[in-house]
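Colleague: I have the sequence and the structure open. Can we go through a few parts of it?

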Amino acid sequence: MATPYEKTDKTIAYLNKQYAKLFRNAMSFDELNVIEVSHEIYDEAIKVTEQETARLVKTVYDSYREEGSFSAEEAYSFVLALMLAYNPVTKYVYRNEIDRKRARFAEGVLSSDTPQQEVALAKRLLIAMNKQFADDATFEALVKAYTDDGVERVRWITAVDDRRCPTCKARHNKIYPIDKIPSKPHLHCRCYIQKVDKVVEA
Ligand SMILES: [Zn+2]
């Protein structure tokens, strides 16, 4: 069976290309304009991340919701809220962390003898950060779809691919109330949940 992360990798791949383009286009900076350039890169990165992640969130939500769907605006608001929420797995608020990454990038370029290495590092960090964000957004869209459908209990499913989580193995098939799903225990966890149908139990 397909997992909810089916479209997630496509979103990540597309965004990575966009980030690469942004850093490439901004190669002509010096100490006079680096702050300005760093704002341009990261503002644009946030914009494209919001747009693409909203598309991803809508796809996931609509695929798993039985009685309804997200409008484009709802999906967009969902992503904006997620960017402003504290994430217990990453231990940061996405928007704050983006600001910190932008500031560190500008500082690095200003103080380094090899600014191109700072550019490469900043790009890698942004790519890793957004990979995590896309995974989180996928999972949260799934939880939201089930919650909005009135699902009460869900079953934890451990990812069984090359990303298999040894730390999640103990959770496999465990059932949780939908409002008490534990946080992902580590970064890049691709576990997900399935709804447990309301049935009369013997
Ligand atoms: Zn996991």
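Predicted model: local features only at pLDDT ≥ 70, side-chain atom pairs only at ≥ 80, totals over all residues.

Colleague: Start with α4. How many residues does helix α4 have, and how far does it reach?

Modeller: Helix α4 covers residues 94–111, which is 18 residues. From the first C-alpha to the last it reaches 26 Å, close to the 26 Å expected at 1.5 Å a residue.

Colleague: Which residues in α4 are buried?

Modeller: Y94, E97, I98, K101, R102, F105, A106, G108 and V109 are buried.

Colleague: And what covers the buried residues of α4?

Modeller: The cover includes the helices α1 (8–25), α2 (34–64), α3 (72–83) and α5 (115–148), together with β2 (92–93).

Colleague: New topic, the loops. Where is N173?

Modeller: N173 sits in the loop between β3 (153–157) and β4 (175–177). Its phi is positive, about 75°, although N173 is not a glycine.

Colleague: Then the cysteines. Are C189 and C191 buried or exposed?

Modeller: C189 is buried, at 2% relative accessibility. C191 is buried too, at 0%.

Colleague: How many disulfides are there?

Modeller: The count is zero, taking a disulfide as a pair of cysteine sulfur atoms within 2.5 Å.

Technical notes:
Residues numbered from 1 in each chain as written. Heavy atoms only, no water. Helix = DSSP H or I, 4+ residues; strand = E, 2+ residues; numbered from the N terminus. Expected span 1.5 Å × (residues − 1). Buried < 20%, exposed > 50% of the residue type's maximum accessible area, 1.4 Å probe, protein only. Contact = heavy atoms within 4.5 Å.
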